[in-house]
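Reader: I'm new to this one and would like a close look at a single part of it. Could you pick one spot and walk me through what surrounds it?

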Number of protein chains: 2
Amino acid sequence: MSTDSNGETDAQLNEERAREQLVELAAEFYDQFDQGDVPRMTLPTRTKSNIVFDEDSDVWVYGDRTSSRTANSVRGARKLLKAIYTVDFLAQQLEEDRSSTLRELYYLSESWDSEDAQFSDQDESNQLVEDLEIVSEVTREDFHMRPEESGATLMGPLLLREQTRRGEREIHCQEDVGEGGYQIPNNPDTIEFLDHDIDFVMCVETGGMRDRLVENGFDDDYNCLVVHLKGQPARATRRITKRLHDELDLPVLVFTDGDPWSYRIFGSVAYGSIKSAHLSEYLATPEAQYVGIRPQDIVEYDLPTDPLSDSDVNALESELDDPRFQTDFWEEQIELQLDIGKKSEQQALASRGLDFVTDTYLPDRLKEMGVL
Amino acid sequence: MSTDSNGETDAQLNEERAREQLVELAAEFYDQFDQGDVPRMTLPTRTKSNIVFDEDSDVWVYGDRTSSRTANSVRGARKLLKAIYTVDFLAQQLEEDRSSTLRELYYLSESWDSEDAQFSDQDESNQLVEDLEIVSEVTREDFHMRPEESGATLMGPLLLREQTRRGEREIHCQEDVGEGGYQIPNNPDTIEFLDHDIDFVMCVETGGMRDRLVENGFDDDYNCLVVHLKGQPARATRRITKRLHDELDLPVLVFTDGDPWSYRIFGSVAYGSIKSAHLSEYLATPEAQYVGIRPQDIVEYDLPTDPLSDSDVNALESELDDPRFQTDFWEEQIELQLDIGKKSEQQALASRGLDFVTDTYLPDRLKEMGVL
């Protein structure tokens, strides 16, 4: 996190920008009314067929196809009314330096004076906040919308400073935390990296494997920052991973189970998700590398496996069609997996003994990849 | 956590006891063989009909009905063989001061020299570890078996000392942590409570509500320790809650959504689960009180609701039959809920504004309950 000449942090600058953008959006609606135009909001179409690779930023972003929300029907007018109420709430929330969850926003709408502005379900309010992110080009976090899910824990040689509501906290992510590690806050842009001795960042899917690496002292022996993804990673987890890569210039490795759902976890760290391609530049780490479990490992290490289910096969086939997975590496691995019809979990490495992963599997793989 | 005259902590004493118990179990099998008896393990039957209320400890424990695992069939003999290999592994794990997850144990069995001793699925190894807990009268944590799921975070006026593999850590759960709070370790018996300013412990189901209480400074204003349950609480979370109650003599309150699944969350904090009634004395906090959301709140505060689904109705009806819910309070609330046919989430309180929960709902309820 950098500090500008007025002593404001990135997080503070982003919030100001968010507020300005919201006010501007309201002003646009006002102008449309004023000029006798039908008010409208134009957004990129959010489907797999409308994501394109952006060569500059190395991430997948929305293409040129757009769709409009206009007030030329009762339904459309209601949508824009809800948008205006939400903009008003968010601007006030930023003014008061408060925050809320998406679910709270949904419920809070029940207290709004116009019944037409109240959301009929949470999908509707979630979608609207995403729309507002896209049109205002800031993130939900900048609106002070908190996620429901909590983010990752960190363990490794990193000293950081977190700006909390109760003052600053300086925390070393090995020396000042228990075995559970440092719990990152909902908005990791409140964190500043002060000092570190990290050689690479390892994002780990399961708690069992995270604990194995920590118990075996892998973070200490290899100067590794262990990030626990907790399954499909929360936005906060992806954000801090990206910042660790960009600001500290560190290699990012992703270590998951060997099945299609885990490849999606890797995909969401590396490429971003289709649903939030507008956030790829904020959340995605395109340089992230996949360390395993690879279908090839299942064969080479003769790991215990489960057969692929029908939904596994479908997911793999859908990944073959996914632009984000169209690389030689992924095509080869996915085709091999469809061929052998098996999947394996990262903890299956324990079939070779509890130290196999830290003594052999990871060091060998990391040397092969040029990280060690 | 107390320390005995030899300077050993409870956790260390428990581990020694676990090791002794395992060796004793192996010795028993040996004696049975030696005397020409068919080896056997006798266990309480683990069904809803065999849990009884223990007046002394105030928790639900197994009744008198037992079932036996004997080696008088090939299947039974294989079960005992697996038990012996597992006992051997666990004893060695304790000897080396290492730990592992249930899933690792399952996979590790593939490396055992006898193919008959290998587990055919993880249910089998999980069940065996539970059996060993019951016959040896120690807990999985004392065997150094780690859970897959990570435990709670704490936020509040508590100073603790955690014994980690890398030395002792003294952490204040407001001053030394970020907004994410203190992440408790897998085995909270490595924690010693040093000092505190807590008036009551509040276990909160959802992350959204946990963050609301922390943002609104509820922990600070009311000297409250906020424990985030993260849905159905992990064993570590239930254990630390019990220890906070027993050792610091603090009221424990449980704040969840208003639906049958959330009442089960309360039940697992207060009464323990049927599957692990043998652990009730270790994990359950029978004095825990339910603060809401109550079906009555749905009516009184006119909260936004969802209709009960068929599975909700079935779960409520099953709770009416559950000995743990046979109190006037629960019968009244569950019957009211079946009557109105509605459920409500804790974040639905946001329909009265974001501060309603901390300014009105909780203070009123806690006064009514005599906690404030």
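Author: Let's start with a pair of side chains: that of Thr101(A) makes a polar contact with that of Gln347(B), at 2.6 Å. A polar contact here is a pair of N or O atoms within 3.5 Å; within protein, one must be able to donate a hydrogen and the other to accept it, and residues adjacent in sequence count only if both atoms are side-chain atoms. Before going on, a word on the ground rules: this is a predicted model, where local features need pLDDT of at least 70 and side-chain atom pairs count only at pLDDT 80 or more, while totals for chains, interfaces and linings use all residues. Residues are numbered from 1 along each chain as its sequence is written, chains are lettered from A and ligands numbered from 1 in the order in which they are written, and side-chain values use heavy atoms, with hydrogens and water left out.

Back to Thr101(A). You'll find it in strand E5 of chain A, residues 100-101. (Helices, H or I with at least four residues, and strands, E with at least two, are DSSP runs numbered from the N terminus.) Thr101(A) counts as buried because its relative accessibility is 0%; buried means under 20% relative accessible area, exposed over 50%, and partly exposed in between, using a 1.4 Å probe and protein chains only. Its side chain also reaches the backbone nitrogen of Glu104(A), at 3.0 Å. Setting aside neighbours within four places in sequence, Thr101(A) is in contact (heavy atoms within 4.5 Å) with residues of chain A, including Met145(A) and Arg146(A), and with Gly208(B) and Gln347(B).

Gln347(B) turns up again beside Tyr107(A), whose contacts beyond four places in sequence include Pro304(B), Glu345(B) and Gln347(B). Tyr107(A) lies in helix H3 of chain A, residues 102-108, and at 4% relative accessibility it counts as buried. An unreviewed UniProt entry lists Tyr107(A) under "active site"; such annotations may be inferred rather than shown by experiment, with feature names shortened and positions given in the numbering used here.
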